[in-house]
Amino acid sequence: MEVIHSGRRLLGTYFRVAFYGQGFFEEEDGKEYIYKEPKLTGLSEISQRLLTLYGDKFGPENVKIIQDSNKVNPKELDSRFAYVQVTFVKPYFDEKEAPEKKTDFEKCHNISRFVFETPYTLSGKKHGGVEEQCKRRTVLTCT
């Protein structure tokens with residue numbers, strides 16, 4: 001009904017999913033993938049689904065979700081656990097591409113670059129006051 005009234009289609013939502021844990025993921029350890037989900041899928045929903053999926057495979061006590069989008073140092077992770085990091089990402093278009101993508105369909109299909117932003121402060125804390133808060137923009141390219 002929403003599509004009929006608004007004229008907008010409910011196209012995909014994208015997430016970056018990274019796997020950490022050599023003992024569990026083997027050749028997939030450290031790899032990142034872009035998952036395309038139905039438009040109304042939330043971050044908590046896909047995180048819970050992946051936690052359940054890999055919990056069934058490796059045991060629920062052995063799987064942890066990394067809750068933030070910061071860069072992960074695999075050496076700091078406990079090797080007794082399988083880690084899955086899930087980050088909401090948006091399609092990314094540079095100045096040349098943006099005018100060519102006129103419809104919602106074109107903006108959501110045949111795309112290979114995605115972007116997400118991570119908050120940080122110059123003092124090293126993740127969050128701070130408005131005057132000290134910064135954002136790091138990360139552009140991912142699928143190969």
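The dialogue below goes through a predicted model of one protein chain, feature by feature.

Biologist: How many helices and strands does the protein chain have, and which pattern does the protein chain follow along the sequence?

Modeller: Helices (H or I, at least four residues) and strands (E, at least two) are DSSP runs, numbered from the N terminus. Here the protein chain has 4 helices and 6 strands, and reading along the sequence gives the pattern α-β-α-β-α-β-β-α-β-β.

Biologist: What share of the residues is buried?

Modeller: A residue is called buried under 20% relative accessible area, exposed over 50%, and partly exposed in between, using a 1.4 Å probe and protein chains only. By that rule, 33% of the 143 residues of the protein chain are buried.

Biologist: How far apart are the end C-alpha atoms of helix H3, and what span should its residues give?

Modeller: The expected span of a helix is 1.5 Å times one less than its number of residues. Helix H3 covers residues 43-58, so its 16 residues should span 22 Å, and the 22 Å between its end C-alpha atoms agrees with this.

Biologist: Which residues of H3 are buried, and where on the helix do they fall?

Modeller: An α-helix has 3.6 residues a turn, so residues three or four places apart point the same way. In H3 the buried residues are Ile-46, Ser-47, Leu-50, Tyr-54, Gly-55 and Phe-58. Seen down the axis, these buried residues of H3 fall within an arc of 165 degrees (taken from the directions from the helix axis to the C-beta atoms), so they line one face of the helix. The face turned away from that buried side carries the exposed residues Ser-44, Leu-53 and Asp-56.

Biologist: What do the buried residues of H3 pack against?

Modeller: Contact means heavy atoms within 4.5 Å. The buried residues of H3 pack against helix H2 (22-25) and against the strands E1 (13-20), E2 (32-37), E3 (63-66) and E4 (82-91).

Biologist: Which strands are joined to E4 by bridges?

Modeller: Two strands pair if DSSP finds at least two bridges between them. E1 and E4 run antiparallel and are joined by 7 bridges, with Val-84 of E4 as the bridge partner of Phe-19. E3 and E4 run parallel with 4 bridges, and here Ile-66 stands opposite Gln-85 in E4. Strand E5 (residues 113-121) runs antiparallel to E4 with 2 bridges, and Lys-90 has Val-115 in E5 as its bridge partner. E4 is also mostly covered, as 7 of its 10 residues are buried.

Biologist: How many disulfides does the structure hold?

Modeller: A disulfide is a covalent bond between the sulfur atoms of two cysteines. With a disulfide taken as a pair of cysteine sulfur atoms within 2.5 Å, the structure holds 0 disulfides. Cys-134 is partly exposed, with a relative accessible area of 23%, and Cys-142 is partly exposed at 35%.

Biologist: Where is Glu-26 found, and what is its phi?

Modeller: Glu-26 is found in the loop between H2 and E2, and its phi is positive, about 50 degrees, although Glu-26 is not a glycine.

Conventions:
Residues are numbered from 1 along each chain as its sequence is written. This is a predicted model: local features need pLDDT of at least 70, side-chain atom pairs count only at pLDDT 80 or more; totals for chains, interfaces and linings use all residues. Side-chain values use heavy atoms; hydrogens and water are left out.
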